[in-house]
Amino acid sequence: PCVSSNRYQPYVVVRLCNELPPFQDIFTGYGRNHMEWIVHLRRVGFSFKQLGGSFVTHVPHRDSPAKIEWNKRHQSGKIQTNSNLRGPISDKYMKFIKWVEA
């Protein structure tokens, strides 16, 4: 499979349909929302294929308030791996993984 990790955030193109799982509200702000959605898509049976002869362009957007706060703490040296902002999101993500795989 071209997506085999629970930490992968590929660009995907999907058709809007009732079978698409919603984004989980606990991942608002900055962190893990793309990863949880890809995991959820895989869990409910979506498969992924590489699209040859095409390309995707990412258009930069303004930083969210959560990203601005993350950057301020990261640049000041107040964020360490699995602490402050990253720790709670990592904990929520691991709980989500256990839930979706149950």
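These legends walk through a few close-up views of the structure above. The model is predicted, so local features need pLDDT of at least 70 and side-chain atom pairs count only at pLDDT 80 or more, while totals for chains, interfaces and linings use all residues. Residues are numbered from 1 along each chain as its sequence is written, and side-chain values use heavy atoms, with hydrogens and water left out.

**View 1. The protein has three helices and zero strands.** Helices (H or I, at least four residues) and strands (E, at least two) are DSSP runs, numbered from the N terminus. Starting at that end, the elements read α-α-α. Of the 102 residues in the protein, 25% are buried; buried means under 20% relative accessible area, exposed over 50%, and partly exposed in between (1.4 Å probe, protein chains only).

**View 2. Helix α1 covers residues 33-43.** Take a look at its buried residues, among them Met 35, Trp 37 and His 40. After α1 comes Gly 45, with a positive phi near 110 degrees.

**View 3. Phe 23 and Trp 37 form a stacked pair.** Rings of Phe, Tyr and Trp (its six-membered ring) pair if their centres lie within 6.5 Å; planes under 30 degrees apart count as stacked, over 60 as edge-to-face and the rest as tilted. By this rule the protein has two aromatic pairs. In this one, the ring centres are 4.9 Å apart and the planes meet at 15 degrees, so the pair is stacked. It links distant parts of the chain, since Phe 23 sits in the segment before α1 and Trp 37 in helix α1, 14 residues apart. Phe 23 is partly exposed because its relative accessibility is 41%, whereas Trp 37 is buried at 11%.

**View 4. Phe 96 and Trp 99 form a tilted pair.** Here the ring centres are 5.9 Å apart with planes at 40 degrees, so the pair counts as tilted. Both residues belong to helix α3 (residues 86-101), where they are three residues apart, about one turn of the helix. Phe 96 is buried, with a relative accessible area of 4%, but Trp 99 is exposed at 52%.

**View 5. His 58 lies in the loop between α1 and α2 (65-75).** Its relative accessible area is 44%, so His 58 is partly exposed. Now find Tyr 11: His 58 and Tyr 11 are 47 residues apart in sequence, yet their C-alpha atoms are 9.1 Å apart in space.
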